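Good morning, and thank you for coming. I would like to walk through one structure with you today, beginning with a sheet and ending with a chain taken as a whole.

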Amino acid sequence: MNLHEYQAREILERFGIPFPRGAVAATAQEAMAIAEQFAGPVMVKAQVHSGGRGKAGGVKLARNPAEAAAHASRIIGMTINDLPVQKVLVVPAAEIASESYLGVIVDRAAQRPVVMASAAGGIDIEDVASRTPERILRVPVDPRYGLLPHQATALGFGLYDDLAQVRAGAEIAQKLYAAFYAVGASLAEINPLVTTPDGRVMALDAKLVVDDNELMRHPEIAALRDLSAEAPSEQQARDHGLSFIPLAGSVGCCVNGAGLAMATMDLVKFYGGEPANFLDIGGSSNPEKVVAALQIITGDPRVRAILFNIFGGITRCDDVATGIVQATQQFPLTVPLVIRLTGTNEAEAVAILTKAGFSALTDMDDAVQRAVTLAKG
Amino acid sequence: MSVFIDRTTRLLVQGVTGRDGSFHTRQMLAYGTTVVAGVTPGKGGSRFDGTVPVYDTVAEAVRETQPNATVVYVPAAAAASAIFEAADAGIALIVCITEGIPVLDMTKVIPFLAERGVRLIGPNCPGLISPGQSKVGIIPGNICRPGRIGVVSRSGTLTYEIVHQLSTHGFGQSTCVGIGGDPIIGTSFVHCLAAFQADAGTDAVVMIGEIGGTDEQQAAEYVQRSMTKPVVAFVAGQTAPPGRRMGHAGAIASGSGGTAAEKMAALERAGIPVMRRPADVVPLLKDRL
């Protein structure tokens, strides 16, 4: 789960990481009122789950409160990478002497958290990472001991020459790792970590991504989810325990298992069609889940044909068949339906479907080809 | 012959009385797996379905019944703890079916197991089956046939699809291993390929990968460097959009190496034929054998 910058800031501040003061505004008037509290210029920053905010015009410098209001009224309501901006963060514009990068990720190859630091921070850090990876210091952490003091000091020396700044950087690295670990993050990032002309070290921007599997342990973090940042169909899917991602094609897909769902989408493409979505109904299917899945798929006006691909294991084919029949009793289908199912309770499923006037295929390639043809016709 | 499990496997089931654990324990018993004991804290002293003894702790079960493998069906919040317990009790093979374990939990599990020489398969995996000998996990036994093809996969139902193709065309399997769809897993493609290479009962290997990470690339290097047996591969997720998690926690195409196209190219560069669709598995294998 992604957190907004202002939410990430609040969490990192609780762990003692220094930020400039700041507050969130949902209207131009609120932005102006916040700017008036800070004598001097402010930054007005779009709060949206997308990188490249600055390049999209979502981060602006305002010299006075009136300008802050003007920027806020333009930024609130704009969309960045299809995501609507509903809030801005207003912070005093800091004077910057240097920009660095500090981050923690779970590294899948190393199978442990890795803290990364680079003196070449700022908006081009991804270029730095791909072109000059040697400029990024990487420190693997044994999570049983945490980030050890000498490791944090090494990170500080990787960032700064001045000993006071080295110590400040090391302390921030310790606190960032502590926050990362405490909230169950998969990414915690400060970019840029700046020094000011008078020598202080502080964080100007923050990013936190929390492992979805940790949310059961952190209800206070789960409550921070911004529902406006995702499509209603994605919320509906999550409420029903379905894994769903909308795409732009015309063949609606309903599959059990993530790997088979991806392979089904790939096969749609192989036969010349375009998948409308990724949808995994999960292992232990029940008919209600299938009804919800059909509701979500038929809610997409671009869908011209619906394809079920079920390989019964834990998932029982008869449960899926019952769900399909129940769904079509609750709402009429306006596009053709192609059903492929094989495996556990296949014969029972075919009987249920046949009685309701549907037919079922057993071969995956046959079913996909048929769905692609119907979506085109 | 087979890898990891065979007729001599004596299995413990952790979470034996739960909804998933009880259902699949019955399936494993029906398949012929030797299930020696179960563990559910608080249910010690009882018998599962009147036959399998249930213990409160793994240590007790090990002392009384000498299992050499365990399968974990414990819910996500307590699954890492169940793995620690099994490793601490000296069980050398742990298969974890549970989905949704926090990845930071796994970062603590992995070094603990490495220090004790314990093999973990999974988590978030369907387990494994050596057809006709033993089944540990949830792979449907009826789609498998005894034979000489090794199967290793990051997926569940996609594996069943491909195994079904193999079985219906006369290619039985030595062992099918589901290694799991999480970012951090105990056993990689390379571990399994090495085991199949060393297994006298395996002639060729089918490897089923997907987007996310670079395990397929490491497997490609390994095959080129160290394998003499033929390997054919599939990679799911060619149409997956970058940056989105496709169901499995590990299936995100991002950054360097994570996309299906990059994986397929790396495999082909290593001389491994890559299926364009699951149904290609049989012709590709016939071509290589």
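In this predicted model, chain A contains an open sheet of four strands, ordered S1-S6-S2-S3, with antiparallel pairing. From one strand to the next, the twist averages 25°.

Consider the pairing of S3(A) with strand S2, residues 42-46 of chain A: the two run in the antiparallel sense and are joined over four bridges. Within that pairing, A:Val44 has A:Lys60 of S3(A) as its bridge partner. What packs on this sheet? It is helix H3 of chain A, residues 65-75, which touches S1, S2, S3 and strand S6 (88-92) of chain A. The direction of this helix makes about 10° with that of S2(A).

I turn now to the contact between the chains. Chain B contributes 42 residues to it, and chain A contributes 42 residues. On the side of chain B, the elements that give two or more residues are helix H3 (76-88), helix H4 (103-116) and helix H5 (157-168) of chain B. H4(B) provides the largest share of that side, with six residues. By class, the side of chain B that touches chain A comprises 22 nonpolar, 13 polar and seven charged residues.

Next, a pair of helices in chain B. Helix H7 (residues 215-226) and helix H8 (residues 260-269) of chain B have axes that come within 8 Å and cross at roughly 5°. That angle makes H7(B) roughly parallel to H8(B).

Finally, chain B as a whole. This chain has nine helices and 13 strands. Its radius of gyration is 18 Å, close to the 19 Å that the globule rule gives for 289 residues, so chain B is as compact as a globular protein of that length. The C-alpha trace of chain B spans about 55 × 40 × 30 Å along its principal axes. Of the 289 residues in chain B, 57% count as buried. Among contacts in chain B with a separation of 6 or more, 72% are between residues 24 or more positions apart.

Thank you for your attention.

Conventions: Residues numbered from 1 in each chain as written. Chains lettered and ligands numbered in written order. Predicted model: local features only at pLDDT ≥ 70, side-chain atom pairs only at ≥ 80, totals over all residues. Rg over C-alpha atoms; globule rule 2.2 N^0.38 Å. Buried ≥ 20, exposed ≤ 12 C-beta atoms within 10 Å, placed from the backbone. Contact = placed C-beta atoms within 7 Å. Axes fitted to C-alpha atoms, helices over the stretch in contact; angles between N-to-C directions. Parallel < 35°, antiparallel > 145°, perpendicular 65-115°, else oblique. Nonpolar A, V, L, I, M, F, W, Y, C, P; charged D, E, K, R; others polar. Pairing = 2+ DSSP bridges.
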